[in-house]
Amino acid sequence: MILLLLLSLMSVPATVSAEPVIDSSAVQAQSTRTAPLTIAEVFARIELTHPLLRVTGLERTQARAKILKALGAWEPKLRNELEFDRYESYNLTNVQGAPNKLSVAYNDTYLKIGHPWGWEIFGGIRNGFGDRATITGSGNTLNPPHTPLSPAVAIPQDMQLFYPQQSVIVGGALNLLRGFMVNEEYAGLQQAEIAGPQAEVKVAQKRQDLYLAGAIQYWDWQVAVKQADVVRRALAVAEERYRMVEGKAKAGAVAPIDVVEAREEVQRRREAAIAAQRKVEYEQYKLALFLWENDGPVTPRPEWAPEFEGETPVPSEEEVAAFKVEATEDRPEVRDLYIEFKLNNVELKLAKNSLLPKLTLEGGPQTGAIYVFGGFAYKVGLFFSMPLFNRGARGKVLHAEAEQERLVYKQAFMERQVQIEVDNWLSAIVRARDRVKASTEALRLAKALEEGERARFNMGATSVLFVNLRERAVVEAAYEVYRAQADYAVARGGMLWARGALSKSVPDSVLAKYGDPIISAGSSGPKKPGRD
């Protein structure tokens, strides 16, 4: 019966191990590469080509667009106004000989210029025309048809230009209380100017997030490759033992059940190798999203995975204190909070200014054709207005002050949070380092037990089952070593993130190895030479 079972197992075709699946684009673009993929290259490629970083860089362009839009409030405006009126003479004058009906018109062409401080001026030319005689400096006569001469009707205009019907016109307006140096348009410009630094903070935030996510994915891929290599080596050992046990069984040196045990272990490890290979492919495709070249992701190959770096010194207390100060200055989250303070300060100033009454001084030429007929006239006025209860303004002030207090509490929390994150990642570094030491020692002991069990098996003092168990323990211990090494690398990267170091671009000397720093994704959206 045992021999029948052994023959049936030997007749089953062996399952081939899974072959790695590699993206064709990566084979074409990186088929000749032999250098390992480093974390510095991952950062550099994110900075150079990552689409999400390039998209965030467009915040800079939008910030400039906000400034241009705000400046449009004081854009110099060229205006032309034409007015034509027809009057019954008895409604205007009782001058003897004046016509019964009168057509009068004027055309104003002027340039109006405003200023953020709340004043505007304009100047231009006014041309008058219609059914009347030319106004002269001496005669001042009006010669309607079929009527005798009459006394003067029109008054000579001031600031006459090239002929009597043409004159220079000037005017303007000035806010004396509300709106003087503080107004909605000027506040919009100040907030638009803050949008530039805010855009830089958003780019830094996106860079930090991508760097950290790319680094974690890089180390996950590195762990998957190393673990898959351990499983493949364990599979090769099991296959070699299976062939050895099979030969001994044919010679009658071991029981046929040991052949079954050895073959079952081969199948178990082959299944683990297939799963490990799938894990490698899964991690490499996720890492490809951070490695872009020629507008497409590059899938890393397993042979590019380097060895994990060794242990580095733990930061001292002085260095940790410096890291906390650095975090409160460089972390994008804290910098963005400072920008919120500036934006709210503008709102608060505007709200307090709106508590003042509105007092406006205006002056300029009168509009309307009647003034052309009766003579050019100017007006000067002082306008005062104020709501009785001023509820709207008081509500704006109350809201801005509440927002200011909210930001103060948020700032206190944020600064404390980034300091705690530095302590947290320091703890992660220390514990991961200890785990690496402990797991490395556990792996050494597991290998010693494996070698001893294998020696006993060769002497016939133990069975295949115990050898397999010892080898499985070695595989598990190797898994833990690589996982601990990856966690140690993540902890070191997390400390860089907590300090705000990942929000800063990779140096140009590093970027130049993999692309052109001038057109990198991290510098997208900069202002081009020339005026907007």
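At what angle do the axes of helix H7 and helix H11 cross, and within what distance do they come? In this predicted model, the two axes cross at roughly 55° and come within 7 Å. H7 covers residues 317-330 and H11 covers residues 464-499.

On the H7 side, the contact is made by Phe 323, Glu 326, Ala 327 and Asp 330. H11 brings Met 495, Ala 498 and Arg 499 to meet them. By class, this contact holds four nonpolar and three charged residues, with no polar ones.

H11 itself is worth a look along its length. Its 36 residues reach 53 Å from the first C-alpha to the last, close to the 52 Å expected at 1.5 Å a residue. After H11 comes Gly 500, which has a positive phi near 90°.

Now to a second pair of helices, H3 (residues 39-49) and H5 (residues 184-251). They pack at an angle of about 140°, with their axes 10 Å apart. That angle makes H3 oblique to H5, and the crossing of H3 past H5 is right-handed. From H3, the residues in contact are Ile 39, Val 42, Phe 43, Ile 46 and Glu 47. They meet Arg 207, Leu 210, Tyr 211, Gly 214, Ala 215, Tyr 218 and Trp 219 of H5. This contact has nine nonpolar, one polar and two charged residues.

Here are the two pairs together:

| Helix pair | Angle | Axis distance |
|---|---|---|
| H3 and H5 | about 140° | 10 Å apart |
| H7 and H11 | roughly 55° | within 7 Å |

Notes:
Residues are numbered from 1 along each chain as its sequence is written. This is a predicted model: local features need pLDDT of at least 70, side-chain atom pairs count only at pLDDT 80 or more; totals for chains, interfaces and linings use all residues. Side-chain values use heavy atoms; hydrogens and water are left out. Axes are lines fitted to C-alpha atoms, for helices over the stretch in contact, and angles run from 0 to 180 degrees between N-to-C directions. Helices (H or I, at least four residues) and strands (E, at least two) are DSSP runs, numbered from the N terminus. Angles under 35 degrees count as roughly parallel, over 145 as roughly antiparallel, 65 to 115 as roughly perpendicular and the rest as oblique. A crossing is left-handed if the near helix is turned anticlockwise from the far one by less than a right angle, and right-handed if clockwise. Contact means heavy atoms within 4.5 Å. Ala, Val, Leu, Ile, Met, Phe, Trp, Tyr, Cys and Pro count as nonpolar, Asp, Glu, Lys and Arg as charged, and the others, Gly among them, as polar. The expected span of a helix is 1.5 Å times one less than its number of residues.
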